[in-house]
Amino acid sequence: MNENKRVRVAITHGDTNGVGYELIFKTFSEPDMLELCTPIIYGSPKVATYHRNALGIEANFTIIKDASEAKEGRLNLLPVFDEEIKIELGVASEESGEAGLKAVDKALEDYRQGLFDVLVTAPIDNNDKFHFSGQSRYIEDHLETEGHGLSIFIHEGLRVALATRNLPLRQVPESISKESIANKAEALFQSLRRDFRISCPRIAILGLNPKAGDNGLLGSEEEEIIMPAINELVEKDIQVFGPYAADTFFSNGDYQEFDGILAMYYEQGLSPFRTLSDFQGINYTSGMSLVRTSAEIPNSFAIAGQGVANEQAFRHAIYLAIDIFRNRAEYDEAQVHPLPKLYKEKRDESDKARFANPHKREDRTPHSERHEEKRG
């Protein structure tokens, strides 16, 4: 693949009352961005102009009629609707949310025709005015992909995936099975290899219950569901470890030893992720032919129109989409003409011992009581 070829990056403008245009204009105020890629903004010239004036941002864009007309060195803007739309920055409305989805619809239509390479989406929030299941699920459904994609939340070397979709907590236990966990972990493994070019990734799997079940005292899912899934994956030579108790796993810094982490549910994965990433993370939907990323900006409406939105995560979402696009091309090319093995690989069991959980403790007496007995 030609490394010098500029990747065509489709960017949807998000909710028109939100921070989308602020993120876009701030990101491309850096001249180097136009040297890196050819952006195609799926949006509205009128809405873009309103945002530019309201925020006092200097930004130039070129209106095009078709994505095929996108020119290098310019911020290309492709209109996705002509009708007038009311703009109230920071105010949720059904109209503004629908305007964001029109951009996604047009982008997906153009992707099917091969008119761009990767997609980066600006925020569309679920709120009381616009009920929305999220762009990841929306894109999966409308691309008609086989199975479900896997949302991976990324900040530098931290990559957290979720074993279940956004669910009420009471539905989480019934939504996991040995097969589902094994499938999610294997999907994460394949993404780490192909999308991130990590040749032998190590994956940590978190437990479901407090203290990872504490040897069955606080729940049986770890022993009955998660461990069998881990054993099945190990038999496939996939390096998975766990199940780990989430609190100590993150507080002790154990997460730094792994290339990917599979959390059982939303809060378990996202709470520590947002703390560690300082809200500068990226959401990547793996497992689709389309490379799609977004800045991980919760509750973006609260800062819309104030000029204070930090574009760093959005810029890095563009970087990541480009990197994954190129990594996939290199990986796929290597798979077509693989080098022959000159020796038989020997499995390294040292990591298994290093990251293994302690053996079950037969003495179930609480630690504090045993300590008192010894002192007495």
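The model you're looking at is predicted, so local features need pLDDT of at least 70 and side-chain atom pairs count only at pLDDT 80 or more, while totals for chains, interfaces and linings use all residues. Residues are numbered from 1 along each chain as its sequence is written, and side-chain values use heavy atoms, with hydrogens and water left out.

**Strand S5 and its partners**

A quick word on names: helices (H or I, at least four residues) and strands (E, at least two) are DSSP runs, numbered from the N terminus. Strands pair if DSSP finds at least two bridges between them. S12 covers residues 291–295 and runs parallel to S5, with four bridges joining the two. S5 also pairs with strand S1 (residues 7–12), again in the parallel sense and over four bridges. There, Thr 121 turns up as the bridge partner of Thr 12.

Are the faces of S5 covered or open? Both are covered. Val 118 and Val 120 sit on one side, Leu 119 and Thr 121 on the other, and all are buried. Buried here means under 20% relative accessible area (exposed is over 50%, partly exposed in between, with a 1.4 Å probe and protein chains only).

**Helix H1 and its two neighbours**

Packed helices are described by the angle between their axes and the distance between the axes. Axes are lines fitted to C-alpha atoms, for helices over the stretch in contact, and angles run from 0 to 180 degrees between N-to-C directions. Here's how H1 (residues 20–27) meets two other helices.

| Helix pair | Axes come within | Crossing angle |
|---|---|---|
| H1 and H11 (residues 312–336) | 9 Å | roughly 70° |
| H1 and H3 (residues 45–55) | 10 Å | roughly 75° |

That makes H1 roughly perpendicular to H3; the label covers 65 to 115 degrees, with under 35 roughly parallel, over 145 roughly antiparallel and the rest oblique. On the H1 side, Tyr 21, Glu 22 and Phe 25 make the contact with Val 47, Ala 48, His 51, Arg 52 and Leu 55 of H3. H1 and H11 are roughly perpendicular too. In that pair, Leu 23, Ile 24, Lys 26 and Thr 27 of H1 meet Phe 314, Arg 315 and Ile 318 of H11. Contact means heavy atoms within 4.5 Å.

**A buried Asp**

Asp 110 lies in helix H4 (residues 94–112) and is buried, with a relative accessible area of 2%. Leaving aside neighbours within four places in sequence, Asp 110 is in contact with Tyr 42, Ala 67, Leu 78, Leu 115 and Phe 116.
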